[in-house]
Amino acid sequence: MSFQKTPGGTHGARVPWSNAVGRAMVRMMAGWHRRSGDRFQGMDLLYLTTVGAKTGQKRQAAVARVSDGDDAWLVVASAGGSAHHPGWYHNMAAHPDQVWIEFGGRQLQVIPTQLDGDARAEAWQRVTKAVPRFAGYERQTDRILPVIRLSRAD
């Protein structure tokens, strides 16, 4: 149960808050989003918990979700169009058996699957239709934005 990480890029958007201040902001914003129905700027959110690739500590990130059936969701490791993958993507690749999501008051363990080929292309079309800003992120960087399917573990 793992996936092949795609290479990073050479250029892309600048991503602020990749330190302790950023983590504190994420926690504060997650509380706000939970109270507003797990939505932000028209996107449905989920709170992704991974285990740090280096630290072994649990880390949480709010990411946009697109439904992929009853018990599966699509997320994109976009980092806002940055040249580098988000930390949660590296963590997920290091510990794919330790990934949880939370939204709508429920928490589930999930199995991540990185999509490629036709499966990625089809999922990408659905993602960009649901969340058009991802198409803009793709134009800002030269890396392939990973699309991950999160399936309920049980």
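**Exercise 1. Find how strand 5 and strand 8 pair, and over how many bridges.**

Step 1: Locate strand 5 at residues 72-76 and strand 8 at residues 147-152. Strands here are DSSP runs of E, at least two residues long, while helices are runs of H or I with at least four residues; both are numbered from the N terminus.

Step 2: Check the pairing, which takes at least two DSSP bridges between two strands. Strand 5 and strand 8 have five bridges and run antiparallel.

Step 3: Pick out a facing pair: Trp73 sits opposite Leu150 of strand 8.

Before going on, a word on the source: this is a predicted model, where local features need pLDDT of at least 70 and side-chain atom pairs count only at pLDDT 80 or more, while totals for chains, interfaces and linings use all residues. Residues are numbered from 1 along each chain as its sequence is written, and side-chain values use heavy atoms, with hydrogens and water left out.

**Exercise 2. Work out how strand 7 pairs with strand 8.**

Step 1: Go to strand 7, residues 106-114.

Step 2: Strand 7 and strand 8 are also antiparallel, over five bridges.

**Exercise 3. Describe how helix 3 and helix 4 cross.**

Step 1: Find helix 3 (residues 117-130) and helix 4 (residues 133-140).

Step 2: Their axes come within 7 Å and cross at roughly 120 degrees. The axes are lines fitted to C-alpha atoms over the stretch in contact, with angles from 0 to 180 degrees between N-to-C directions.

Step 3: So helix 3 is oblique to helix 4. The cut-offs are under 35 degrees for roughly parallel, over 145 for roughly antiparallel, 65 to 115 for roughly perpendicular, and oblique for the rest.

Step 4: List who touches whom, with contact meaning heavy atoms within 4.5 Å. Helix 3 brings Arg120, Trp124, Val127 and Thr128, and helix 4 brings Phe134, Ala135 and Glu138.
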